[in-house]
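Me: Before we go through this chain, I would like each term tied to its cut-off. Could you take the terms one by one?

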Amino acid sequence: MGRPTESAASSNSLTVRDNRTGKVYEVPIVDNSIPATAFKNMKAPFAPGEREENETDKGLRVADKGFLNTAVMRSEITYIDGEAGVLRYRGYPIEQLALHSSHLETAYLLIYGSLPSKPQLKVFEDEVMHHGAVHADAEQFCRSFRYDAHPMAILTSAFAYLGSYYGEANPSLQGQTLYTKGDPASLSIMDKQIYRLIGKATTLAAMAYRVRQGREFVTPPTGLSYTGSFLYQMDHLGEENYTPNPVLEKALDVLFLLHADHELNASATTVLQTGSSLVDPYSAIAAGCASLYGPLHGGANEAVIRMLISIGKPENVPAFIEAVKRREKVLSGFGHRVYKTSDPRSFIVRKTADEVFKITGKDELLETAMALHEAAMKDEYFIKRKLAPNVDFCGLIYRAMGFPLDFFPVLFAVPRVVGWLAHWRQMMLQEGGVKIWRPRQIYVGAGKRDYVPIDKREEVVGPKKTPSPIVHSGITKRTMLASFKGNPAAKL
């Protein structure tokens, strides 16, 4: 594989000539991909004056900043064609699933590979809902956060905290083959953690929500759907026979289904990177949650609403568009790392929005959003850059439903737990076992340097070269001005 060849090249291979050495290599093409490790065989002597850190004699490395074209997994879960605007879960178009399926049925599909029968779905739903309750100590844990803590900070911490209760689920305690054996006992332990994580995701999210409201926590009810139970836990204040609005319950279920997975995005990759060390699944999910927290990922729909608020009325859209083209403003909710046409989820989101707005009333920012949409779709600047509107406009639905802006990423994280678990499970059970992920780097720093004593060093200054000074205020400022032993810089 990837070694010099004298024979005629196979039609299903890549022939590479290394002009440094004149050697020709034949690299096999499998599923329209080539193994990056094949390039390690393409070695050459160092050129005159070349840095030893280039490791030229150890073979070529493949540079791919941001994973623009590197495949790290063979997966059977989600297929995306960004050019055609296609999204399929296990082969099923997202449009069909959104119309006919439910979030938990789709969760079963993503995790286990096929749509369940009625008995299979009932067992799965019953187990997930049964595992919604959390230990009573979780109340104290969530209350330990400040009243104004971001709910994603609480949720991320809560997932990691959850793992401390289940020693039987930790490969560090039970042995590193706990989830990789694939025998009935191993699969049973794995499934139990899957039930727990999906079931408790809504409970922990609702607790994070109610911390902000200063309300008591609600035990997951019986007899409600997954999203119905979630709404109940967030909103119930003791009313008798309380039932969430069915339109909002259904809308949330559709949005959860749409957000359940999206192939190897930043958070899913983080879960797999973390999981490759064979850490417990709670820690891996917490890592994914932290990744989702960022404004370039799960925080994007929150950024859309903040952008629309800053624009204000529809008549302000043209000026905003021009400011974006001058790079003075950032356009959120348009363009996507994968989709180069419209995100297929956006059409479903718009239909769901219409149903929600019928009972909540239209969001006052809707007209601004649509004006922005129309202006951008007609502007050559956005057309040439293929900046089509994407799914992050679902923030308008969340806003209409009364969720605070900083809760939007939580509403993304809860359903995405399903996708993270599907990819984690697939990796644990993959043929050949789990290898810890260890990317290469291209070292461009200083060559070997000898240590210089502090009194003989030349001071290095300049932007990014030294720590930034901090302006202190309040008690720190007063303390620094006080006199005490060990503070010779105090001003008397």
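Reply: Two strands count as paired if DSSP finds at least two bridges between them, and strands themselves are DSSP runs (E, at least two residues), as helices are (H or I, at least four), numbered from the N terminus. This is a predicted model, in which local features need pLDDT of at least 70 and side-chain atom pairs count only at pLDDT 80 or more, while totals for chains, interfaces and linings use all residues. Residues are numbered from 1 along each chain as its sequence is written, and side-chain values use heavy atoms, with hydrogens and water left out.

Me: What makes strand E4 and E5 a pair?

Reply: Strand E4 (residues 86-89) and E5 are joined over 2 bridges in the antiparallel sense; the definition asks for at least two, so they pair. Tyrosine 89 has tyrosine 92, in E5, as its bridge partner.

Me: Why are strand E3 and strand E5 called edge strands?

Reply: Strand E3 (78-81) and strand E5 (92-93) each pair on one side only, in an open antiparallel sheet with the order E3-E4-E5.

Me: Which residues touch the most other members of the largest nonpolar core?

Reply: They are Phe159, Ile198 and Leu308, in a core of 113 residues. Such a core is a set of buried (under 20% relative accessible area, 1.4 Å probe, protein chains only) Ala, Val, Leu, Ile, Met, Phe, Trp, Tyr and Cys residues joined through side-chain atoms within 4.5 Å.

Me: Why is this core said to lie between domain 2 and domain 3?

Reply: Domain 2 (78-301 + 413-429) and domain 3 (303-395) both give residues to this core, so it lies between them; the bounds come from an automatic or database domain assignment.

Technical notes. Buried means under 20% relative accessible area, exposed over 50%, partly exposed in between (1.4 Å probe, protein chains only).
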